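Dear colleague,

I am handing over the structure below, and after it you will find my notes. Please read them alongside the sequence and the model.

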Amino acid sequence: MPQAVRLAEKYEEVFFAVGIHPYDIHMYDEAVMERYINHPKCIAIGECGLDYFRLPEDEEEKKANIKKQKEVFISQIEFAKKVKKPLIIHIREASNDSRQILIDYAAKEVGGVLHCFNASKHLLPLAEHNFYFGIGGVLTFKNAKKLVEILPKIPLEKLIIETDAPYLTPHPHRGKRNEPFYTTFVVEKISELLEMDKNEVEKLTTNNAKKLFKEFSNII
Ligand SMILES: [Zn+2]
């Protein structure tokens with residue numbers, strides 16, 4: 001049994017998602033998705049999406065990889081709509097194609113989160129399509145200029161805090177293994193940038209997360 005499922009069964013406050021990351025598209029198998037989707041702690045489909053950061057060098061292979069990434073992404077959007085669960089979206093250097101697919105395939109029906117929002121202005125229109133913006137440790141980094149600038153443009157009711165653990169640990173703990181405790185540094189930075197009270201940011205982002213992942217709202 002996958003570790004995520006084991007953890008979710010052991011701890012009341014842990015949930016899991018089922019999906020195929022763009023780096024693992026060759027493994028996509030809807031039968032596997034079906035096996036886990038009805039688990040009471042499975043609350044989303046993902047990570048799925050598009051990643052053009054690590055493409056094959058050969059032109060033909062590159063084209064084939066992008067084509068396959070799109071197919072697997074679209075299949076997972078359709079699957080999410082069928083099972084009525086939100087999407088956790090991974091986008092790297094593929095903002096325009098990802099936005100277009102999410103809109104064309106009506107992902108709005110289930111919505112989701114743009115995990116580790118990449119600060120691309122091309123993704124902002126997705127706020128109108130039932131998508132939330134996941135903000136993590138990157139916001140606290142010294143080189144986070146783009147994300148700092150775009151943060152106020154994200155509608156407040158679409159802001160969500162995330163860890164991306166074990167990666168992207170917030171400043172001043174960058175480099176250590178990330179864990180949920182460190183999200184407090186992200187909250188602090190948001191409250192500073194948006195001139196909001198820390199408690200208010202906590203409440204807002206928690207409520208947003210509950211709205212998106214409805215199934216855990218009874219427990220958390
Ligand atoms: Zn990711």
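**Zinc site and sheet**

Along the sequence, the residues that donate to the zinc ion follow the spacing E-x42-H-x24-H. The protein donors are Glu47 (OE), His90 (ND1) and His115 (NE2), at 2.1 to 2.2 Å from the zinc ion; donors here are N, O and S atoms within 2.8 Å of the metal (3.2 Å for Na, K and Ca), and since water is not among the atoms, sites may look incomplete. Glutamate 47 in strand β2 (residues 42-51) and histidine 90 in strand β3 (residues 87-92) are 43 residues apart, so that the pair links distant parts of the chain.

Please bear in mind that this is a predicted model, in which local features need pLDDT of at least 70 and side-chain atom pairs count only at pLDDT 80 or more, while totals for chains, interfaces and linings use all residues. Residues are numbered from 1 along each chain as its sequence is written, and side-chain values use heavy atoms, with hydrogens and water left out.

Glutamate 47 is partly exposed, with a relative accessible area of 25%, whereas histidine 90 is buried at 12%; buried means under 20% relative accessible area, exposed over 50%, and partly exposed in between (1.4 Å probe, protein chains only). In β2, 9 of the 10 residues are buried.

Both strands belong to an open sheet of 6 strands, in the order β1-β2-β3-β4-β5-β6 and with parallel pairing. The edges are formed by β1 and β6 (159-161), each with a single partner strand, so one side of each has no neighbour in the sheet. Strands (E, at least two residues) and helices (H or I, at least four) are DSSP runs, numbered from the N terminus, and two strands pair if DSSP finds at least two bridges between them. Strand β1 (residues 16-18) is joined to β2 by 3 bridges, and β2 to β3 by 6 bridges, with glycine 46 opposite isoleucine 88 in β3. Isoleucine 88 also stands opposite valine 113 in β4.

**Two helices**

The axes of helix α3 (residues 59-83) and helix α4 (residues 95-104) come within 10 Å and cross at roughly 35°; axes are lines fitted to C-alpha atoms, for helices over the stretch in contact, and angles run from 0 to 180 degrees between N-to-C directions. In this contact (heavy atoms within 4.5 Å), Lys70, Phe73, Ile74 and Ile77 of α3 meet Asp97, Ser98, Ile101 and Leu102 of α4.

Best regards
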